[in-house]
Amino acid sequence: MDLIFIRDLRIDTVIGIYAWERAIHQTVRIDLEMATDIRKAAASDHIDDTLNYKAVAKSVIAFVEASRFQLVETLAEKIAAIVLSEFSVPWLKLTVHKPGAVRGSRDVGVIIERGDRG
């Protein structure tokens, strides 16, 4: 299994359970690892033969910017579902960070794995 990854993708969105959070945009950070087989792309040296990480990022950015979830958990599940279905990824590991959510902490968030690692 090969992995294509995106690290520290920063997206502004409405996220949170408190009234003040519903009235502002906060930056979430996303790390994404996606299983794929890069051998065909390596042989052809053509973007159509690989998982296009720019296309994945654009899809995730558009979705997250438009979202209005209360929980980071919900946001993570929805992102995972999009990547798994839109890009035919068999397995992914996704981290959604919500910096500053807990006083005294640099970062909080969730890490999920979905699909079959193969």
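This is a predicted model: local features need pLDDT of at least 70, side-chain atom pairs count only at pLDDT 80 or more; totals for chains, interfaces and linings use all residues.
Who supplies the core? As background, nonpolar side chains tend to be buried together in soluble globular proteins.

Setting aside residues up to four places away in sequence, Leu94 touches Ile30, Asp31, Leu32, Ala76, Ile79, Ala80, Val110, Ile111 and Ile112. One of these, Leu32, is also the bridge partner of Leu94, which sits in β3. That bridge leads us to the strands: β2 (residues 26-36) and β3 (residues 91-97) pair in the antiparallel sense over six bridges. In general, strands of a sheet pair through backbone hydrogen bonds, either parallel or antiparallel.

Zoom out and you'll find an open sheet of four strands, ordered β1-β2-β3-β4, with antiparallel pairing. From one strand to the next, the twist averages 15°.

Helix α3 (residues 53-66) touches β1 and β2, and its direction makes about 30° with that of β1. Helix α4 (residues 72-86) touches β2, β3 and β4, and here the direction makes about 150° with that of β3.

Back in strand β3, have a look at Thr95. Is Thr95 buried or exposed? Its relative accessible area is 13%, and buried means under 20%, so Thr95 counts as buried. Leaving out neighbours within four places in sequence, Thr95 is in contact with Arg29, Ile30, Asp31, Val110 and Ile111. Take Ile111: it is 16 residues from Thr95 along the chain, yet their C-alpha atoms are separated by 4.3 Å.

Finally, some rings. The count of aromatic pairs comes to one. The rings of Phe63 and Phe69 have centres 6.0 Å apart and planes at 40°, so this pair is tilted. Phe63 itself is partly exposed, with a relative accessible area of 23%. Elsewhere, the charged end of Arg7 sits over the ring of Phe5, 4.2 Å from the ring centre.

Notes
Residues are numbered from 1 along each chain as its sequence is written. Side-chain values use heavy atoms; hydrogens and water are left out. Two strands pair if DSSP finds at least two bridges between them. Helices (H or I, at least four residues) and strands (E, at least two) are DSSP runs, numbered from the N terminus. Axes are lines fitted to C-alpha atoms, for helices over the stretch in contact, and angles run from 0 to 180 degrees between N-to-C directions. Contact means heavy atoms within 4.5 Å. Buried means under 20% relative accessible area, exposed over 50%, partly exposed in between (1.4 Å probe, protein chains only). Rings of Phe, Tyr and Trp (its six-membered ring) pair if their centres lie within 6.5 Å; planes under 30 degrees apart count as stacked, over 60 as edge-to-face and the rest as tilted. A charge sits over a ring if NZ of Lys or CZ of Arg is within 6 Å of the ring centre and within 35 degrees of the ring normal.
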